[in-house]
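Subject: Structure for you to look at

Hello,

Here is the structure I said I would pass on.

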Amino acid sequence: MNAPFLDPMNATLRESRMVLERLVQWKGVEPGMIFSVMDCGVYSAALGPSGCEDLERQIALLASSPSAPISIIEAGDAIRIDAGGRHAWLIAEPALDLAIDEYRRKGAGAVTVVNAVEPAELGVVAAIAEKHELSATATAGDDGSVRIEVGARDPSRQTVLDRIRRQGIPVRRDLWFHLFHLSSNALAEDTVISRTHTGAFMIKPDGTVVGEHDEEFAHEDISMLTAEALEFRR
């Protein structure tokens with residue numbers, strides 16, 4: 001008798017990164033920002049009060065973010081970043097980098113971010129800062145601004161990344177597979193031609209599969225390379 005599926009399930013770090021990377025690519029995030037924004041999405045799912053439940057809405061908001069550069073205003077010791085209506089995931093790491101630079105040069109680091117879409121999502125800096133062996137907090141102001149502060153990190157505390165690696169990210173099973181299938185929008189349409197160079201195999205224009213008779217692949221099932229449509233196999 002088959003054991004029942006766990007629900008909610010725990011999505012692994014690898015699975016989460018793969019799905020988030022595809023989703024942000026689908027929404028047209030600039031190539032140089034894809035991995036940064038992907039990490040923000042993963043950490044938001046792990047840290048945010050809504051977990052994975054809010055991911056699709058946040059991904060949709062990315063598409064409407066303007067592409068204009070952010071503005072940085074320095075007044076004395078204060079640094080103010082005008083996000084110009086960009087989503088928080090797009091500016092979380094650049095804003096944190098400025099705060100870290102202040103911390104390393106002056107022993108105290110803080111920046112204030114204004115005009116960000118979904119400013120509460122800047123809370124992901126708490127996890128991003130850990131790769132720099134630092135801690136970070138994001139405190140919301142009454143005017144919609146967010147103050148990011150950087151400080152020393154307690155090395156005895158488990159990082160968010162390690163927690164995800166060991167425990168995964170809890171998510172409803174139906175929601176996870178909805179996001180997984182949604183992420184397929186970033187992929188090329190599946191056809192026989194799109195599988196022309198699949199792994200170690202290659203399909204020639206006449207349909208001949210190169211590698212089919214190689215001893216190394218003699219026992220491989222390569223029917224998927226020439227099938228008109230792929231079916232889920234379990």
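Which strands does α4 lie across? The model is a predicted one, and in it α4 lies across β2, β3, β4, β5 and β6 (146-152). Relative to β4, the helix α4 runs at about 150°.

Start with the sheet. It is an open sheet of 5 strands in the order β2-β3-β4-β6-β5, and its pairing is mixed. Two strands, β2 (71-75) and β5 (134-140), stand at the edges; each has a single partner strand, so one side of each is left without a neighbour in the sheet. On average, neighbouring strands are turned by 25° against each other, direction ignored. As a general point, strands of a sheet pair through backbone hydrogen bonds, either parallel or antiparallel. For a parallel example, look at β3 (residues 78-82) and β4 (residues 109-114), which are joined by 3 bridges. In that region R80 stands opposite T112 of β4.

Next, the helices. How do α2 and α4 cross? The axes of α2 and α4 (residues 88-106) come within 8 Å and cross at roughly 105°. An angle of 65 to 115 degrees counts as roughly perpendicular, and α2 and α4 are therefore roughly perpendicular to each other. On the α2 side the contact is made by S36, V37, C40, G41 and S44, and on the α4 side by W89, L90, A92 and E93. Sorted by class, this contact has 5 nonpolar, 3 polar and 1 charged residues.

C40 lies in α2 (residues 34-47). Is C40 buried or exposed? The cut-off for buried is under 20% relative accessible area, so C40, at 0% relative accessibility, counts as buried. Leaving out residues up to four places away in sequence, C40 touches W89, A92, V124 and I128. C40 and W89 are 49 residues apart along the chain, but their C-alpha atoms are separated by 5.7 Å.

In soluble globular proteins, nonpolar side chains tend to be buried together. The largest nonpolar core here has 55 residues, and V29, V37, L62, L96, V113, I148 and I164 have the most contacts inside it. The largest share of this core, 9 residues, comes from α4. To see one of these residues in place, select L62: apart from its neighbours within four places in sequence, L62 is in contact with V24, V29, V37, H87, W89 and L90.

Regards

Methods:
Residues are numbered from 1 along each chain as its sequence is written. This is a predicted model: local features need pLDDT of at least 70, side-chain atom pairs count only at pLDDT 80 or more; totals for chains, interfaces and linings use all residues. Side-chain values use heavy atoms; hydrogens and water are left out. Helices (H or I, at least four residues) and strands (E, at least two) are DSSP runs, numbered from the N terminus. Buried means under 20% relative accessible area, exposed over 50%, partly exposed in between (1.4 Å probe, protein chains only). Contact means heavy atoms within 4.5 Å. Axes are lines fitted to C-alpha atoms, for helices over the stretch in contact, and angles run from 0 to 180 degrees between N-to-C directions. Angles under 35 degrees count as roughly parallel, over 145 as roughly antiparallel, 65 to 115 as roughly perpendicular and the rest as oblique. Ala, Val, Leu, Ile, Met, Phe, Trp, Tyr, Cys and Pro count as nonpolar, Asp, Glu, Lys and Arg as charged, and the others, Gly among them, as polar. A nonpolar core is a set of buried Ala, Val, Leu, Ile, Met, Phe, Trp, Tyr and Cys residues joined through side-chain atoms within 4.5 Å. Two strands pair if DSSP finds at least two bridges between them.
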